[in-house]
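Subject: Handing over a structure

Hi,

Here is the structure I promised to pass along.

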Amino acid sequence: MADALCRLPRVLLDGRPAARALLCGSNAHPGLRGEALFYPYQDGTLLLIRALGLPGDGFYACHIHALGDCCTGGDVAFHCAGPHYDPEGREHPNHAGDLPVLLSSGGRALSLVYTGRFQPGQVLGRSVVLHALPDDYRSQPTGAAGGRIACGVISSVSDDKGRTTVVDLLSQV
C-alpha cells in the first residue's frame, strides 16, 4: 500500500489567521517571546505557535486561559489570565483550552495543532499561556503545569496588517 503525503492545509499556505496572540515572558523570563496564530479550519482551529527564549530544552505546557489579561504584578505571574478556558465545565485535560505541550530545542519551539474544541472567534479576548513544566494530562485542575512563564492576549487580525502564512513564519525561525 502506497503512503499518501500529508499536505499542509491551504489555509496555512494561502490564508491569513483570524486571530493572533503575541507572547511575552514573565519578569523571570524577559527574553521569552512568541506568537500564536489561529486559523479557522474545518469545524475548529489550526493553531500555530512559535516561541523563542524558552528557559531550556524540554516540554512546556500551553493552554488557552479564560481571561484576556496578562498582568505581571503579584506573586503569580499572569494571574489575571484566570483559569483554563472551559466553557463546558469539564475536568482537565478536557477543557477546551487544554493543548498539547510544546517541545523546545535550544530555547525554540514551533508547533502546529488542530483542535475541534473551539473556533478562533470563540477565544478572542482570552489569553495563551505557556507554563514552566509539561502538562501531565491528569492532575486537577491544571495538569501540574507549573508557573506561568509567558502570556499573550488573543485578538482579531485586522485586514490592514498584511498576510502571515506558514511560509512567512518558517522563514523567520
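Cys151 has 3% relative accessibility, so Cys151 counts as buried (buried is under 20% relative accessible area, exposed over 50%, partly exposed in between, with a 1.4 Å probe and protein chains only). Please note that this is a predicted model, where local features need pLDDT of at least 70, side-chain atom pairs count only at pLDDT 80 or more, and totals for chains, interfaces and linings use all residues. Residues are numbered from 1 along each chain as its sequence is written, and side-chain values use heavy atoms, with hydrogens and water left out.

The count comes to two disulfides (cysteine sulfur atoms within 2.5 Å). One joins Cys151 to Cys70, S to S 2.0 Å. The torsion about that S-S bond is about -65°, so the Cys70 and Cys151 disulfide is left-handed. The other links Cys71 and Cys80, also with sulfur atoms 2.0 Å apart; with 90° about the S-S bond, the Cys71 and Cys80 link is right-handed. Cys80 counts as partly exposed because its relative accessibility is 21%.

Now for the arginine. Arg148 is buried yet has no salt bridge (a side-chain nitrogen of Lys or Arg within 4 Å of a carboxyl oxygen of Asp or Glu). The nearest side chain of opposite charge, Asp69, is 9.6 Å away. What does the Arg148 side chain reach instead? A polar atom of it lies 2.8 Å from the backbone oxygen of Phe78, and the side chain reaches the backbone oxygen of Gly82 at 3.0 Å.

Happy exploring!

How values were computed:
Lys and Arg count as positive and Asp and Glu as negative; His and the chain ends are not counted. A polar contact is a pair of N or O atoms within 3.5 Å; within protein, one must be able to donate a hydrogen and the other to accept it, and residues adjacent in sequence count only if both atoms are side-chain atoms.
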